[in-house]
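Please report on the architecture of the two-chain model shown here.

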Amino acid sequence: LGSAYRFELVTVAVRDLDDVGLARLSRQGQLYLSLAEMQTIRTYFGDLGRDPTDAELETIAQTWSEHCSHKTLAGRIAYRDERGSREFSNMLKETVFAATVAIRRRLGADDWCVSVFSDNAGIVRFDDRFNVCFKVETHNHPSALEPYGGANTGLGGVIRDTLGTGLGAKPVCNTDVFCFAPPDTPIDELPAGGLHPRRVIQGVVSGVRDYGNRMGIPTVNGAVYFDPRYLGNPLVYCGNVGLIPRDHSFKKPQPGDHIVAIGGRTGRDGIHGATFSSAELTSQSESLSGGAVQIGNAITEKMVLDVLLAARDRGLYHAVTDCGAGGFSSAVGEMSEEIGAEVWLDRAPVKYDGLSYTELWISEAQERMVVAVPPEAWAELSALCQSEGVEATIIGRFVPTGRLALKYGEHEVANLDMQFLHRGRPPVVREAVYQPTAAQPLAWPRQPLDPAVALERILGSLNVASKHWVIRQYDHEVQGGSVVKPLVGVANDGPGDAAVVRPVLSSRRGLVIGCGMNPHYGDFDTAHMAASAIDEAVRNCVAVGADPRRIAILDNFCWGNTDRPETLGSLVRAALACHDLAVALGTPFISGKDSLNNEFRHRTADGREESIAIPPSLLISALGQIDDVSHAVTMDLKSAGNLLFLVGQTKNELAGSHFALVGGCSGGNVPEVDAAMALRTFSAMHAAIAAGTVRACHDLSEGGLAVALAEMAFAGGLGARIDLNCVVREFSTTSRAPKSVAEQEASLMRALESSPERIVQAINQQYEQLESGARPAAHRDVEVVGGTGEVPSAVSTRHSPRPLDSAQIDAVTLFSESNTRFLCEVPRDKVDAFRLLLAAVPHAAIGEVRGDGRLEVIGGFGEPCLLADIATLKAAWLKPLDW
Amino acid sequence: MPQPRVLILRAPGTNCDQETAHAFELAGGRPERHHVNRLLDEPKLLADFQILCLPGGFSYGDDIGAGRILGSQIEHRLAEHFAQFKEAGKLILGICNGFQILMKSGILLPVADAGPPATLTWNDSGRFEARWVELRTTGSHCVFFAGIDRIDLPIAHAEGKFVARDEPFLAGLEKAGQVTLRYQAAGGDARGAYPANPNGSLSDVAGICDATGRVAGLMPHPERFVDATQHPQWTRREQRGAGDGLRVFENAVRYFR
């Protein structure tokens, strides 16, 4: 390091290698290619009559890496499950992409997607002047080895993704979602070579903090999930939303353009990052691949951002992309795919001497962008960069040869056919099998769990507990666009559903950013897990006021080793569910990313080889829009006396729930999504919020009704009294529950302190409707457009219900995690308007807001089944992660 | 003078320049954002402006201490021009990192032989923190806070703890009306208690001004509250339209009208 590099051309004699030799080369050279791929390379160079240089081999390995080509999921898959079998020639294209194609076709002239699954980030329409783009990346393996650097560059990388989208987008907000093992994991349970979760958590959070804050990009939305299976292989999802002028949304390099590197210098950091991410993590990874992890410098990237957007506005380049995984190899390789390029590697600015031509080519040193600059614009671009102290260097030229030629001084060190490079990879063919697990009835806790105890435990469980320790370290206000912040309420500490950001300060239009994920449901059925994640992401956005017809979503599949047919099968099943629900809701996927092989292989104390695979982890990120941010609502209760309405149906769905988690119960029904109902509910909720009838709204997710109610109450510093007998339930209740209108009314009267007659009358109607089973099919004020509400492949694997006792009915009502539900605070004078707008969907007044700082829940016996003080509940919620 | 010209000075790592420019524009000023390299090349540029604002961010990464590098560039290469600017009766405002820069360059408080009389250092929590705080103005003659009694603003910093060299110096500042802003708790004194006083600042100091009242610095971000919907509790409040922070910028612009 540091000493001068002496040029020596290295060729690799692949033509002489047998299959064993090829496999060894792939592994020892950290190429991580399959035997079929290595054989294809051997044949290709055999036909050429020469051996490849090391740079050629590295270029191919990077381009064909899982990270860069998504070859498994975009490959051929033979899938079968209980419904039959299906052959995919490109699984992603035929599931998530296909959903978007179908939605865009249906929208016709109203299509608001601009660029999907092609650029670095997906782009959709925002207003007359701007589009917005969104990308979420994972940086799991680097974060496992070096949490701070891994997460730091994870965020830095995804920011460059939007910066490198179209002709460059201005990053306006970040998201981050993490999955960790519990921080109290005993030291002696750590696998050899693995870091303790507490260290991982602190490193990851600091890494994201230091990059996002320094870049001046607010981190506005995120989530943290805990499961012991993330030990050794944490997940770090980083997202970025960018704002891009409509006429700058597409790029096209031209033959003759200079290839210009802007920003950081090239060093030995980040060698083999793209290929290493395809390998499984082991106790040896740290020493073998430590050099794959980089350390970021946010200020350098901020300087690049400043000059790049200025250059964009002056029209100084034809195309831009980021140097991410694979460095120049990936950036130049992708940009020149349709043209051809010649690169002069010795001209790239270096951090220190001694880099070989191959290292220069594949280094993933951070904060570098590549732009295609027409010769006549070079002088101006160069001067602009110089004026702000940013380095810009011509490192090559786009030439219409259809070839990628690399030179080091006079020497040609690579010359590859673009066709072979980008289309020569043999297809990956995989088998995928999904075997549904037989449904088991929920095993209730042997000692009945008191609802108040269960609620306190759920609030104090890691997934639900307040993430203020993380959130407060992030600047969520910078850029001045923050409207609904991650923490809301009277003391600025309640958990907001989705963030609302106003990216153009001179406009009232807003972006809404939410997410959905629930790895626990995947243990029961990954289809319902996927549908639930979409429902959660969308309902988070709808809960703050987003228009459901304008929500775009992203998929991030993080899975274990998909070489196992059953692991891949659980992923394909999730992808199929994604397709179906996206089409039904009219919610297009615009971008996505997958990360496979998330396993940690190690030797246990007794000498066994063991691999810890993460649970199937599908993150759905949602980007919604709101016409006028001043129509947004937050989840904190506002005034005593207002009524509480529960919108949506509560089913007996406790599998994978937090009640099951804290109660230690297995089995049960996993939450499903009724697509037609979800579509109607989202439309109606949006209409009710837009009409100003809702003072507070919270979606029901982990912990169900009880947790939503508690969070709303303590965020507002108020109390509430509800009657569970009023809840619209879709499971059999015992005869103890009041059935007649009179009984229901009486129970509501108990819940309300004072009820003007008019309201009771209005509410009576809802019971009449419910009793007669009549539900208006559609409502004149709620126009449901965009989706079809139809899910063709919905399969229910539920067991036949056993009669529940009264305490169990109360528990299901309180803690079921059924999808598509909202708890709304409605002022008494808005009740009629609210109910009119909600007429097409199940909803019921279940109680009222009170000012006494207490929660009181009336159960099936007509007596309180849960009494709690909000201060106690809040303390339980704040405590676990108050670091 | 109809519309005062505002120079928003940015450097590598400055990141609040756009919203600060927006705030001055809303207030009726004519903001222009310029890179410090431009000013170093052409210091006379400064004379064309009536207001100089150093916005928030992480100038030069704050790598050797918040505001140190840009502060030292100003101290050693632009001090004379800044002095002329002040003497000409013009206004200088430093927000967050800008406040740190003004402190470290000696622009805000004259540096004594014994070194700077006060500085901004690491928060007691030892880490970066973003939260809204309640502030009150404390009988100062600062141009920027004229007519403002109390105000809610967000802070977002790691090094915002105000410390003075000694008690008498701070007492002197208070007596001279140079302590402009203090953190407070639910209408009463914060008395250093976290999180109302988010960083452990001595005497709850959140902002100060120089002896003229025309040069001021504060840790909270008034440019992040120029619209009512930026307040964290706007959904609980009646306020619509402009946010309270806008008045800081209006005061500056009005000073030249």
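## An enclosed helix

In helix H3 (residues 54-63) of chain A, the buried residues are A:Ala55, A:Glu56, A:Leu57, A:Glu58, A:Thr59, A:Ile60, A:Ala61, A:Gln62 and A:Thr63. A residue is buried if 20 or more other C-beta atoms lie within 10 Å of its own, exposed if 12 or fewer, and partly exposed in between, with C-beta atoms placed from the backbone. Helices (H or I, at least four residues) and strands (E, at least two) are DSSP runs, numbered from the N terminus. Nine of the 10 residues of H3(A) are buried, so the helix is largely enclosed by the rest of the structure.

This is a predicted model: local features need pLDDT of at least 70, side-chain atom pairs count only at pLDDT 80 or more, and totals for chains, interfaces and linings use all residues. Residues are numbered from 1 along each chain as its sequence is written, while chains are lettered from A and ligands numbered from 1 in the order in which they are written.

## Chain A overall

Chain A holds 28 helices and 34 strands. Its radius of gyration is 28 Å, close to the 29 Å that the globule rule gives for 883 residues, so chain A is as compact as a globular protein of that length. The radius is taken over C-alpha atoms, and the globule rule is 2.2 Å times the number of residues to the power 0.38. Along the principal axes, the C-alpha trace of chain A spans about 90 × 65 × 50 Å.

Of the 883 residues in chain A, 62% count as buried. Contacts reach across the sequence. Among those in chain A with a separation of 6 or more, 83% come from residues 24 or more positions apart. Two residues are in contact if their C-beta atoms, placed from the backbone, lie within 7 Å.

## A buried strand and its two partners

Strand S28 (residues 643-647) of chain A has five of its five residues buried, so S28(A) is largely enclosed by the rest of the structure. A:Leu643, A:Phe645 and A:Val647 point one way, A:Leu644 and A:Leu646 the other, and all are buried. In a regular strand the side chains alternate between the two faces of the sheet.

S28(A) pairs antiparallel with strand S31 (residues 822-826) of chain A over five bridges. Two strands pair if DSSP finds at least two bridges between them. Five bridges also join S28(A) to strand S32 (residues 843-850) of chain A, again antiparallel.

## The nonpolar core

The largest nonpolar core has 349 residues, of which A:Val370, A:Ile534, A:Phe645, A:Leu709 and A:Ala710 touch the most other members. Helix H20 (residues 565-585) of chain A supplies the largest share of this core, 13 residues. A nonpolar core is a set of buried Ala, Val, Leu, Ile, Met, Phe, Trp, Tyr and Cys residues joined through C-beta atoms within 7 Å.

A:Ala710 touches A:Leu455, A:Leu459, A:Leu855, A:Ile870 and A:Leu873, not counting residues up to four places away in sequence.

## A partly exposed methionine

A:Met677 lies in helix H22 (residues 675-690) of chain A. A:Met677 has 18 C-beta neighbours inside 10 Å and so counts as partly exposed. Leaving aside neighbours within four places in sequence, A:Met677 is in contact with A:Thr820 and A:Val841.

## A three-stranded open sheet

An open sheet of three strands in chain A has the order S10-S25-S26, with mixed pairing. Strand S10 (281-282) and strand S26 (609-613) of chain A stand at the edges, each with a single partner strand, so one side of each is left without a neighbour in the sheet. Strand S25 (residues 599-603) of chain A pairs antiparallel with S26(A) over five bridges. There, A:Glu599 stands opposite A:Ala613.

## Chain B and the interface

Chain B has six helices and 12 strands. Buried residues make up 57% of chain B.

The contact takes 30 residues from chain B and 32 residues from chain A. On the chain B side, the elements giving two or more residues are helix H1 (17-26), strand S6 (129-137) and strand S7 (150-157). S6(B) gives the most, with four residues. The chain B side divides into 10 nonpolar, 12 polar and eight charged residues. Ala, Val, Leu, Ile, Met, Phe, Trp, Tyr, Cys and Pro count as nonpolar, Asp, Glu, Lys and Arg as charged, and the others, Gly among them, as polar.
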